[in-house]
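Here are my notes for your first look at this model. Keep the viewer open and check each point as you read.

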Amino acid sequence: MPPVAALLGGYLLGSIPFGVLLTRAFGAGDLRQIGSGNIGATNVLRTGRKGLAAATLLLDMGKGLAAVLLAAWLLPGNAALAAAGAFVGHCYPVWLWFRGGKGVATLMGIALGLWWPLGLVFAALWLGLLAATRISSLAGMTAAVGAPVAAAMLGRFDIVPLLMALAGIVLWKHRANVARLIDGTEPRVGAKTAAPADRPAESGAGE
């Protein structure tokens with residue numbers, strides 16, 4: 001059944017925890033015990049290994065992009081299901097007991113795969129706001145929420161429901177960050193964060 005294959009294949013691809021694998025392979029320790037404890041590129045950056053952080057960012061984007069493109073090629077008409085599977089796989093990977101990342105980089109890859117102009121808008125929102133504020137969570141949430149708005153404004157109503165659903169998950173995964181943004185205590189990229197033992201599960205700053 002192509003829909004099931006697309007969803008499951010996307011999930012398995014998206015669930016590859018590149019941040020954890022890279023930091024272990026290159027002797028940077030267990031990423032889940034570092035900084036915010038999150039498995040994304042922002043937390044990899046807290047190890048001081050900029051190259052690993054860049055690689056994590058690209059690979060997390062790449063798995064979202066690959067899931068969409070492979071499904072479009074092998075299972076025509078099921079790219080959206082593959083995109084949803086990849087995103088859920090990144091956020092809730094079975095290999096890490098369903099404690100994954102917050103999905104921003106993977107969502108950017110998905111946006112690029114679904115419609116490359118949307119990916120460019122996503123990148124402009126995310127990277128532009130990140131450069132301006134150095135607050136990873138704010139930049140990521142803004143880009144995620146902006147994606148379905150941009151798709152609607154550009155006439156791609158067919159992908160708006162999917163993007164809205166994924167943006168909702170991004171906001172849910174960032175709920176602790178939202179509380180810190182309101183309190184004015186959200187750390188900026190480059191700032192030190194508390195050890196994982198000092199924070200609730202899934203409350204790490206940024207990605």
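**Notes on the helices, the loop and the salt bridges**

1. Start with helix α9. Its buried residues are Val160, Leu162, Leu163, Leu166, Ala167, Val170 and Lys173. Seen down the axis of α9, these residues fall within an arc of 155 degrees, so they line one face of the helix. The arc is that of the directions from the helix axis to the C-beta atoms. Buried means under 20% relative accessible area, exposed means over 50%, and partly exposed lies in between (1.4 Å probe, protein chains only). Helices (H or I, at least four residues) are DSSP runs, numbered from the N terminus.

2. A word on the source. This is a predicted model: local features need pLDDT of at least 70, side-chain atom pairs count only at pLDDT 80 or more, and totals for chains, interfaces and linings use all residues. Residues are numbered from 1 along each chain as its sequence is written, and side-chain values use heavy atoms, with hydrogens and water left out.

3. Back to α9, and its other side. The face turned away from the buried side carries the exposed residues Pro161, Met164 and Trp172. Why can a helix have faces at all? An α-helix has 3.6 residues a turn, so residues three or four places apart point the same way. Helix α9 covers residues 160-173, which is 14 residues. From first C-alpha to last, α9 reaches 20 Å, close to the 20 Å expected at 1.5 Å a residue. The expected span is 1.5 Å times one less than the number of residues.

4. What covers the buried residues of α9? The cover includes α5 (79-91), α6 (104-114), α7 (116-133), α8 (136-153) and α10 (175-183). Contact here means heavy atoms within 4.5 Å.

5. Now α6. Ten of its eleven residues are buried, so α6 is largely enclosed by the rest of the structure. The buried ones are Val104, Ala105, Thr106, Leu107, Met108, Gly109, Ile110, Ala111, Gly113 and Leu114. Their cover includes α4 (50-74), α5, α7, α8 and α9.

6. Valine 88 is partly exposed, with a relative accessible area of 31%. Glycine 89 is buried, at 0%.

7. The C-alpha atoms of valine 88 and leucine 166 are separated by 8.6 Å, though the two are 78 residues apart along the chain. Glycine 89 and leucine 13 are 76 residues apart, with 7.3 Å between their C-alpha atoms. Leaving aside neighbours within four places in sequence, valine 88 is in contact with Tyr11 and Pro93. With residues up to four places away again not counted, glycine 89 touches Tyr11, Gly14 and Ser15.

8. Next, the loop between α5 and α6. Valine 94 is found there, and is partly exposed at 34%. Tryptophan 97 is in this loop too; at 73% relative accessibility, it counts as exposed. Phenylalanine 98 also lies in the loop, and is partly exposed at 44%.

9. Check the backbone here. Most residues other than glycine have a negative phi. Phi of tryptophan 97, however, is near 55 degrees, a positive value. Phi of phenylalanine 98 is positive as well, near 65 degrees.

10. There is a nonpolar surface patch. Leu8, Leu12, Val94, Trp95 and Phe98 make it, and its area is about 490 Å². Patches are made of residues with over 30% relative accessible area and no salt bridge; like charges are joined within 9 Å, and nonpolar side chains (Val, Leu, Ile, Met, Phe, Trp, Tyr) within 5 Å. Accessible areas come from the Shrake-Rupley method with a 1.4 Å probe; for residues, only the protein chains shown count as cover.

11. How many salt bridges does the structure hold? There are five. A salt bridge is a side-chain nitrogen of Lys or Arg within 4 Å of a carboxyl oxygen of Asp or Glu. Aspartate 30 pairs with arginine 24, their closest N and O atoms being 3.8 Å apart. Arg24, Asp30 and Arg32 are linked in a network of salt bridges.

12. Compare two other pairs. Aspartate 158 and arginine 156 meet in a salt bridge at 2.7 Å, N to O. Aspartate 158 is exposed, at 53%. Arginine 180 forms a salt bridge with glutamate 186, with 2.8 Å between the closest N and O atoms. Both arginine 180 and glutamate 186 are buried.

Conventions
Helix = DSSP H or I, 4+ residues; strand = E, 2+ residues; numbered from the N terminus.
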